[in-house]
Amino acid sequence: MANSNNNQNGRHTIILLQNSPSRATRTFMDYDSIGQAMDGICGLYERKLKEINPSLRNLSYDIADLYNFIDGLTDLSALVYEHSMNAYLPYDRQWIKQKAFHHLKKLATGGGGSR
C-alpha cells in the first residue's frame with residue numbers, strides 16, 4: 001500500500017529540459033522530491049541571472065520572471081514517480097509553473113526549504 005505522506009516528498013522527480021532548438025542542449029536533472037526539483041529549476045534561473053548580472057550581490061525576481069524563463073526554454077517537462085503505480089507520470093511545463101509557484105509561496109511564508 002502506498003504511503004500517503006509521499007504525496008510531495010519522497011517522490012523521485014526527473015526534470016527533462018532543452019535550453020535551445022539544438023538537440024545537443026537536451027539534458028535531465030533528478031531529485032528526491034518535487035520540492036527539490038522546484039529548487040533546482042529556481043537555481044537554474046538564478047544562475048542565469050548571475051551570468052547576466054555578475055556584479056549583483058543579491059538577486060531578486062518575481063514569479064512572472066521565473067515563468068518567462070520557463071517559457072523561454074525550448075522544452076521542459078517532469079517525470080514524477082507515483083508509488084501506487086510503480087511508474088513515472090509525465091507532467092508539462094504548466095504543471096511545473098504551478099508547482100514552482102506553490103513551492104516559492106510556501107518558502108516565502110516560512111514553510112521550509114533552503115531558499
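This is a predicted model: local features need pLDDT of at least 70, side-chain atom pairs count only at pLDDT 80 or more; totals for chains, interfaces and linings use all residues.
Q: Where does Ala-78 sit?
A: Ala-78 belongs to strand S3, residues 75-82.

Q: And is Ala-78 buried or exposed?
A: Ala-78 is buried, because its relative accessibility is 1% and the cut-off for buried is under 20%.

Q: How far apart are Ala-78 and Leu-17 in space?
A: Their C-alpha atoms are 8.6 Å apart, while 61 residues separate them in sequence.

Q: Switching to helices: at what angle do H1 and H3 pack?
A: Helix H1 (residues 34-52) and helix H3 (residues 93-108) pack at about 95°, and their axes are 9 Å apart. The two helices are therefore roughly perpendicular to each other.

Q: Which residues in H1 and H3 meet there?
A: H1 brings Ile-34, Gly-35, Met-38, Asp-39, Ile-41 and Cys-42, and H3 brings Trp-95, Ile-96, Lys-99, Ala-100, His-103, Leu-104 and Leu-107. By class, that contact has 9 nonpolar, 2 polar and 2 charged residues.

Q: What about the second largest pocket, which residues line it?
A: The second largest pocket holds about 170 Å³ of space. Its lining is Leu-17, Asn-19, Leu-44, Arg-47, Lys-48, Glu-51, Asn-68, Phe-69, Gly-72 and Leu-73.

Q: Which element gives the largest share of that lining?
A: H1 does, with 4 residues. The elements giving two or more residues are H1 and helix H2 (63-72).

Q: How many of the lining residues are charged?
A: The lining has 3 charged residues, along with 4 nonpolar and 3 polar.

Notes: Residues are numbered from 1 along each chain as its sequence is written. Side-chain values use heavy atoms; hydrogens and water are left out. Buried means under 20% relative accessible area, exposed over 50%, partly exposed in between (1.4 Å probe, protein chains only). Axes are lines fitted to C-alpha atoms, for helices over the stretch in contact, and angles run from 0 to 180 degrees between N-to-C directions. Angles under 35 degrees count as roughly parallel, over 145 as roughly antiparallel, 65 to 115 as roughly perpendicular and the rest as oblique. Contact means heavy atoms within 4.5 Å. Ala, Val, Leu, Ile, Met, Phe, Trp, Tyr, Cys and Pro count as nonpolar, Asp, Glu, Lys and Arg as charged, and the others, Gly among them, as polar. On a 1 Å grid over the protein atoms alone, a cavity is a set of points where a 1.4 Å probe fits but cannot get out, and a pocket is an open set with protein on both sides within 12 Å along at least five of seven lines; lining residues have an atom within 4 Å of a point. Grid points are joined across faces, edges and corners, and a volume is the space filled by probe spheres set on the points.
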